[in-house]
Amino acid sequence: MFDKILIANRGEIALRILRAAKELGIATVAVHSTADADAMHVRLADESVCIGPPPARDSYLNVPSLIAACEITGADAVHPGYGFLSENPHFADVLGEHNITFIGPKAEHIRTMGDKIEAKRTAARLGIPCVPGSEGGITDDTEALRVAADIGYPVLVKAAAGGGGRGMKVARSKDELSEALTVARREAKAAFGDDSVYLEKYLEKPRHIEIQVMGDGRGQAVHLGERDCSLQRRHQKVWEEGPSPALNADARDGIGETVANAMRQIKYLGAGTVEFLYEDGQFYFIEMNTRIQVEHPVTEMITGIDLVNEQIRVAAGAPLSFTQADVKLEGHAIECRINAEHPVTFRPSPGSISYFHPPGGLGVRIDSAIYQGYRIPPNYDSLLGKLIVHGRTRTECLMRLRRALDEVVVDGVETTLPLFRTLVRNQDIQNGDYDIHWLEHFLADGG
Ligand code: ADP
């Protein structure tokens, strides 16, 4: 096992990793920018190193500074969390060259899944169902017209290097296609420096359902059920739950086994998520994330398995601590991502937390790095924390979420808590009757 883990991240996920490392008896190193000198992850770690000024590219994304921090502290492994360098194969390679373990998948798998065209090709080869679309990248408009006619309108133009929903454009007819191609290429070039795009059938009313996987890197892999992340705003997940209200045991086992089998074939290492759109009983692969995800606690609450602990163990070469038969889904869990944003305009609301009272009680979990007096730096994302609630049934979970949301107090900044208090009381939400467009429509109608 590792002696010392350096946590190349900040905020709630840095705390989450600290907790797992401490429970494994491993020493921890926090890194921070000058804007995060007072952050909770810095206070709670055994050691800390300042790695640069506030902009992420000069600190949390600065590979030479991170390597230097490892050398100074003698860390023998790095956990990247999510975001920042978590899906950067170059970082994984450089760590390897310094004999430091990257707690994550093999660099080749990060690379493959980071290119969405390559990822889709790989998924199809492994027997994972994909959205009908172009075989690979689309270079000219004539080819695009032919493919679109083939799969049928509406079609979606997507950036190969896409992320965060950028570089995506819908075309509802032949006339709209060339414009959509031009705009998507331009956006993709600006956002990712790569203008390759591909075409997909545009699904009108799908749900977003993702499968959590874990592999030992030697051909053992299991799935841990699904999370339904259909409630999104601007392609950002807002509310995640598991199990999905839309799946029965057969559908779950079927897709889970397909995905686990694919991960066994490629000898996947560590945690990963295979994301699907789900419509009319069919699953369509959209992408794979080769990291721990923000919403991983939903799965932890219904399986009782500590995913970050498991990531660390398999990265150190241990076998998986559970088999597929050991994974039992119990009850229901819902996560709300609470942001420091205005609940109606969603404008970021940096500032100081003048008062914080977290909710408690049976089945209530808060993953957050805020504290009373904490000043939120304007340089990073606006996630204040996650409220995750578990109940024996979905109904119990919703009632518990309602009372937990009524308990929590955050003063000093605007938060999205009022939005969740409305959502948890909404009839469609209570019925589990929503698709990936539901929240946008709800917000457009004035909430
Ligand atoms: P990104 O990497 O930018 O997040 P994804 O491929 O994961 O891109 O897609 C993000 C979101 O865009 C999905 O969660 C879904 O809401 C929507 N989307 C993606 N592909 C399709 C499609 N073929 N049809 C309809 N919606 C889609």
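Two strands count as paired if DSSP finds at least two bridges between them. Strands are DSSP runs of E with at least two residues, helices are runs of H or I with at least four residues, and both are numbered from the N terminus. The legends below describe a predicted model, in which local features need pLDDT of at least 70, side-chain atom pairs count only at pLDDT 80 or more, and totals for chains, interfaces and linings use all residues. Residues are numbered from 1 along each chain as its sequence is written.

**Figure 1. The whole chain.**
The chain contains 15 helices and 20 strands. Its C-alpha trace spans about 60 × 50 × 45 Å along the principal axes. The radius of gyration, taken over C-alpha atoms, is compared with a globule rule of 2.2 Å times the number of residues to the power 0.38. For 447 residues a compact globule would have a value near 22 Å, and the 21 Å of the chain agrees with this. A residue is buried if 20 or more other C-beta atoms, placed from the backbone, lie within 10 Å of its own C-beta atom, exposed if 12 or fewer do, and partly exposed in between. By this count, 48% of the 447 residues are buried. The UniProt annotation "domain: Biotin carboxylation", from an unreviewed entry, covers residues 1-444; such annotations may be inferred rather than shown by experiment. This span is 35% helix and 26% strand, and its end C-alpha atoms lie 51 Å apart.

**Figure 2. Strand 14 and its two partners.**
Strand 14 (residues 332-339) is largely enclosed by the rest of the structure, because eight of its eight residues are buried. One side carries His332, Ile334, Cys336 and Ile338, the other Ala333, Glu335, Arg337 and Asn339, and all of these are buried. Strands of a sheet pair through backbone hydrogen bonds, either parallel or antiparallel. Strand 14 pairs with strand 19 (residues 383-391) in the antiparallel sense over eight bridges, and the partner of His332 in strand 19 is Gly391. Strand 11 (residues 236-242) is also antiparallel to strand 14, joined by four bridges. Here Glu241 has Ile334 as its bridge partner.

Ten of the ten residues of strand 9 (residues 207-216) are buried. Arg207, Ile209, Ile211, Val213 and Gly215 are on one side, and His208, Glu210, Gln212, Met214 and Asp216 are on the other. Ten bridges join strand 9 to strand 12 in an antiparallel arrangement, with Ile209 partnered by Phe276. Strand 10 (residues 221-233) is antiparallel to strand 9 as well, through six bridges. Gly215 stands opposite Ala221 of strand 10. Strands 9 and 10 form a hairpin with four residues between them, and Gly217 in the turn has a positive phi of about 80°.

Five strands form an open sheet in the order 3-2-1-4-5, with parallel pairing. Strand 3 (47-52) and strand 5 (101-102) are the edge strands, each pairing on one side only. Strand 1 (residues 4-7) pairs with strand 2 (residues 27-33) over four bridges, and Leu6 stands opposite Val29.

A residue is near a molecule if its C-beta atom, placed from the backbone, lies within 6 Å of it. There are 19 residues around the ligand, and Gly162, Glu200, Leu203, Ile286 and Ile436 come nearest. Strand 8 (197-201), strand 12 (269-279) and strand 13 (282-289) each supply at least two residues of this shell. Ala, Val, Leu, Ile, Met, Phe, Trp, Tyr, Cys and Pro count as nonpolar, Asp, Glu, Lys and Arg as charged, and the others, Gly among them, as polar. The shell has eight nonpolar, seven polar and four charged residues.

**Figure 3. Backbone angles in loops.**
Most residues other than glycine have a negative phi, and most peptide bonds are trans. The bond joining Tyr153 and Pro154 is cis, with omega about -5°; Pro154 is in the loop between helix 7 (141-151) and strand 6 (155-159). The bond from Gly242 to Pro243 is also cis, with omega near -10°. Asn99 has a positive phi of about 60° and counts as exposed, with 8 C-beta neighbours inside 10 Å. Phe346, with phi near 65°, lies in the loop between strand 14 and strand 15 (351-352).
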